[in-house]
Amino acid sequence: MDDHYEPDEDGYPREIVGPWVLDKHHFLRHYVTASQGARGRMGGSHCLIDLYCGPGKARIRETQSLVPGGTLTAVDAAARSHRGNAVPFSRVFIADLLEDNVTACKARLFATSNTHVTSFVGAAETNVHKVVANLPRRGIHLAYLDPYSLPQLPFSVLKALADAPRVDLLIHFAASDMARNLERRDLWPRFDAVAPGWQDSCDTNRGKSMVRHQFFAHWTKLLQDLGYHVSDRIVSVKNTRRREIYRLVLASKHKLGDNIWRTLNDRSGQKGLSL
Ligand SMILES: C[S@@+](CC[C@H](N)C(=O)[O-])C[C@H]1O[C@@H](n2cnc3c(N)ncnc32)[C@H](O)[C@@H]1O
């Protein structure tokens, strides 16, 4: 077990995370809750997809606070009644590079819900095709994409999801990785699969912050070219030293996803603050 994980009382690993995980799960929970009405009206079978599921439980570093993982948070939110209406996910697809994480996440889902779970082990780039092949045609599906770094989310994953019937995307964009590594010319090739064509569309002779800005704009444009509305409400999550760690990006096939995303309060109760 590396230093990302420790054993939990239930015998499965749990992740050790920073407190900023709470923002991620806050937005995931509230987006799932607020989109219940749209899922209910649409009918069909609605699936949750988490290609980077982790073990399904975490402890916040330097505290004893335990939190459920993103998949469990989203499944719980969908199963709870909102305005008299609960629209649970009819099926949940989980996957992770690490088999122990998939086993743990699956066991924790079984312990807390009666949802139908399908799991895969391996890289998201491969597993995404297995998931897409099994998605019902009718339904509003949500893919929660939560990798540690940008190269773990090659654009081919987003492309495969875009080719499927309606899949909305809630993406953890690893901004700290971009800030740390995009300024190193020797590391540029690792970003090519993340945002194909970025070196042609960004003026790499500009200052570091301008290159970062252009890189993100290029990646966003690639998503739009796949037919997504990318909300311009980008949630930027910072650490205690005000350094940006990640961005949460909502991309949806229907404008309604953006409308819902804009109405969500952040954890301090503010509405719709952008980057
Ligand atoms: C931030 S953690 C996931 C946390 C989880 N989504 C949650 O909200 O509780 C990132 C996960 O991505 C997995 N991972 C890293 N590279 C991957 C890849 N290329 N494909 C699939 N999973 C990967 C790691 O093993 C780790 O479990």
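**Touring a predicted model, residue by residue**

Trainee: Which residues does Thr118 touch, not counting residues up to four places away in sequence?

Mentor: Once residues up to four places away in sequence are set aside, Thr118 touches Arg91, Val92, Phe93 and Ile94, where contact means heavy atoms within 4.5 Å. Please keep in mind that this is a predicted model, in which local features need pLDDT of at least 70 and side-chain atom pairs count only at pLDDT 80 or more, while totals for chains, interfaces and linings use all residues. Residues are numbered from 1 along each chain as its sequence is written, and side-chain values use heavy atoms, with hydrogens and water left out.

Trainee: OK, and where is Thr118 found?

Mentor: Thr118 is found in strand S7, which spans residues 116-121; helices (H or I, at least four residues) and strands (E, at least two) are DSSP runs, numbered from the N terminus. The side chain of Thr118 also makes a polar contact with the side chain of Arg91, at 3.1 Å. A polar contact is a pair of N or O atoms within 3.5 Å; within protein, one must be able to donate a hydrogen and the other to accept it, and residues adjacent in sequence count only if both atoms are side-chain atoms.

Trainee: Does Thr118 count as buried or exposed?

Mentor: Thr118 counts as buried, because its relative accessibility is 14%. Buried means under 20% relative accessible area, exposed over 50%, and partly exposed in between, with a 1.4 Å probe and protein chains only.

Trainee: Switching to Gln214: which helix does Gln214 lie in, and what does the side chain of Gln214 reach?

Mentor: Gln214 lies in helix H9, residues 208-225, and its side chain reaches the backbone nitrogen of Asp203 at 2.7 Å. Beyond residues up to four places away in sequence, Gln214 touches Cys202, Asp203 and Arg206. With a relative accessible area of 16%, Gln214 is buried.

Trainee: Now the ligand: which residues come nearest?

Mentor: There are 21 residues around the ligand, and Tyr52, Asp96, Ala124, Tyr144 and Asp146 come nearest; a residue counts as near a molecule if one of its heavy atoms lies within 4 Å of it. A backbone N or O atom of Tyr52 lies 2.8 Å from a nitrogen atom of the ligand, and a backbone N or O atom of Ala124 lies 2.9 Å from a nitrogen atom of the ligand. An N or O atom in the side chain of Asn101, in turn, is 3.0 Å from an oxygen atom of the ligand.

Trainee: How much of the ligand's accessible area does the protein cover?

Mentor: On its own the ligand has 600 Å² of accessible area, and the protein covers 93% of that; such areas come from the Shrake-Rupley method with a 1.4 Å probe, and for residues only the protein chains shown count as cover. The residues of the shell divide into 10 nonpolar, seven polar and four charged, with Ala, Val, Leu, Ile, Met, Phe, Trp, Tyr, Cys and Pro counted as nonpolar, Asp, Glu, Lys and Arg as charged, and the others, Gly among them, as polar.

Trainee: Which residues are buried in helix H10?

Mentor: In helix H10, residues 255-263, the buried residues are Gly257, Asp258, Ile260 and Trp261. Seen down the helix axis, the buried residues of H10 fall within an arc of 165°, so they line one face of the helix; the arc is that of the directions from the helix axis to the C-beta atoms.

Trainee: And what covers the buried residues of H10?

Mentor: The cover includes helix H1 (21-34), strand S9 (167-173), strand S11 (235-238) and strand S12 (244-252). Helix H1 also holds His26, which is buried at a relative accessible area of 16% and touches Asn265, Asp266 and Arg267, not counting residues up to four places away in sequence.
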